[in-house]
Structure formats: structure tokens, C-alpha cells
Amino acid sequence: MGRCRQAIQPNHRMGKKFIRDISASSFQVIATQVLAFVVFVMLSRHLEKSDFGALNWVIATLSIFLAITGSGMDLIAARRVAAGKDVGETVGIHLVHVLAFGSIFLLLLPILILFSSDNLNFLMTGMAISLLLGFVASPFKQVCYGKRKYFKLAWMNLTGHATRCILIFLFLSGGISLVTVTWIYIASSAAELLLAMILGLREARLFPLQWTWKKHKEMVEESLPQWGVVFFNAVLARFDWMLLGIASTTVLAADYFFAYKAFEISRIPLLVISPLLMPVFTRI
């Protein structure tokens, strides 16, 4: 009888842990999607249609190049943390990688600006800074992802969307422009990075950085197969947006972007369950 009770207790604890994890993941995904949709709708209603199309085209274009720049290192870092490898070393290497390739992305930004119209220069630069701040937050998020700290991960991901939603709502009464929206995106990404750093540093000791060129090279080589997946995912997800913005007008692109949101909402169940599976399968 005692043996049966001992066998049941671990299973019971595992069941409670799974319920907590899926609750946190569901809360994060649903709340993030709702806030993102609210921001999307508010901007679509209060910006000129051409400005709304330009905003989403810039975000889509920059996201493609930034995702390719990341080379899938974030998933490798989370997988290593989940496998029980040295957290400080793994996340430190990832942070150096992000800072280095983020700098390269900034250096290449003038080339992207050449292909945009003159009135989009500030928007392109500001959105690049916003996305880069989120890019730098990634190593701190992977600590919580790999350690299955899903509620902390939820707060990291929600901070940027919630800040963006609140600031846009506050500025609506006085009228909102692309310049205002750009500053709002930068401020919300900075808030997300700050919270990610605070929570991430509580989970792992990153400083002084445990970085060597040899270890960095090993991690890059490990991420190369993942880079192919990231490349095709980024292209398939946003390449049509980029081409439409180039080949058509921003007004027509705005209509397409709005319709595409309905498809993105259908992916919510996959977004809920996927963060739970990777750490579990890695440990197995």
C-alpha cells in the first residue's frame, strides 16, 4: 500500500506541474494575442490607411531580416538550458551573439532604407531599434523557457504588448501619427527588455560573461541546421507582406494585412502547446 502511495505522489505532482505550465502558456499566448490584436485594431482605425500599411510593411520586412540574423540561436540556447547544461555559459554566448549580429543588422540598415521612400526613413530606423531591443531580450527569455518558468516568460512577453496598448490608448485623444507610433514601439520594447533582464538575471548568473570564441563557434555550428528552419519560417510568414508592399500600394497592403490577422489567430492552440513540448522532449 505504501509503495502504491509513493508511486502515485510523483505522478500527482507531475500532473499539477503540467496543469500549471499549460495554464501559464495559455495565459501568455492568449493575452499576448489579444493585446496585439487590440493594438492592431486601434492603429488600423486611427491611422491613415496608407500609414497603417507602411507601418506593417516595415515591421514585416525588418522581422524577416532580423529573424535570419538570429540564425536560430535562441532555440539552441533554450534547448541547452533545458538539457541541464551550464546556464551562464549558454546564455552568455547567446547574448554576445545577439549583440554582435544586432550590430551588423544596424550597419546594414542604411541599405534597407535605400529601398524605402524618403518619408519612411524615420519609421524604418525607429522600428529597427524597437525590434533590436526585443532581439537583445531574447537570451534572458530563453533562460525561463529552458527552465520552464512559464509565468515569468509570460510577464516578459506581455510587458511590451501591454505597454504599447496603454500608450496608444493614451495618445488617441490627441491624434496619433507614425512618428508617435514609432516612439511608442521603442518605449514598449525598452520596457520589455528591462523586465526580461531583471527576471532573467534572477534565474542565471551571466556576469562576468563566460564566453570564448571556441565555445561560441561550437554553438553556432549546432544552430546551423536550425537556421534553415528559421529562414524558411521567416520567409513564408512575412515574405508576401514584403513583396506586396513593394509591388503594390500601402493602401492595398493594409487591407491584406488586416485579413491576414484572421489566419494568425487560428494558430493560437499551436502557440500554447509548443513551448511545453521542447523542454520535455529535450530532457527525454
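This is a predicted model: local features need pLDDT of at least 70, side-chain atom pairs count only at pLDDT 80 or more; totals for chains, interfaces and linings use all residues.
Residues are numbered from 1 along each chain as its sequence is written, and side-chain values use heavy atoms, with hydrogens and water left out.

Helices are DSSP runs (H or I, at least four residues) numbered from the N terminus. Helix α2 covers residues 49-70, and because its 22 residues at 1.5 Å a residue should span 32 Å, the 31 Å between its end C-alpha atoms agrees with that expectation; the expected span is 1.5 Å times one less than the number of residues.

T182, found in helix α7 (residues 178-203), counts as buried because its relative accessibility is 0%. Leaving aside residues up to four places away in sequence, T182 touches F122, L123, G126 and M127, where contact means heavy atoms within 4.5 Å. G245 has its place in helix α8 (residues 213-247) and counts as buried because its relative accessibility is 17%. Although G245 and N56 are 189 residues apart in sequence, their C-alpha atoms are 9.1 Å apart in space.

Helix pairs

Axes are lines fitted to C-alpha atoms, for helices over the stretch in contact, and angles run from 0 to 180 degrees between N-to-C directions.

| Helix pair | Axes come within | Crossing angle |
|---|---|---|
| α5 (residues 121-146) and α6 (residues 150-172) | 8 Å | roughly 150 degrees |
| α6 and α7 | 8 Å | roughly 155 degrees |

The crossing angle of roughly 150 degrees makes α5 roughly antiparallel to α6, a term that applies to angles over 145 degrees. The crossing of α5 and α6 is left-handed, meaning that the near helix is turned anticlockwise from the far one by less than a right angle. Their contact is made by F140, K141, C144 and Y145 of α5 together with Y150, K152, L153, M156 and N157 of α6, and these residues divide into 6 nonpolar, 1 polar and 2 charged. Here Ala, Val, Leu, Ile, Met, Phe, Trp, Tyr, Cys and Pro count as nonpolar, Asp, Glu, Lys and Arg as charged, and the others, Gly among them, as polar.

For α6 and α7, the axes cross at roughly 155 degrees, which makes α6 roughly antiparallel to α7. The crossing of α6 and α7 is right-handed, and their contact has 12 nonpolar, 7 polar and 4 charged residues.

Notes:
Helices (H or I, at least four residues) and strands (E, at least two) are DSSP runs, numbered from the N terminus. Buried means under 20% relative accessible area, exposed over 50%, partly exposed in between (1.4 Å probe, protein chains only). Angles under 35 degrees count as roughly parallel, over 145 as roughly antiparallel, 65 to 115 as roughly perpendicular and the rest as oblique.
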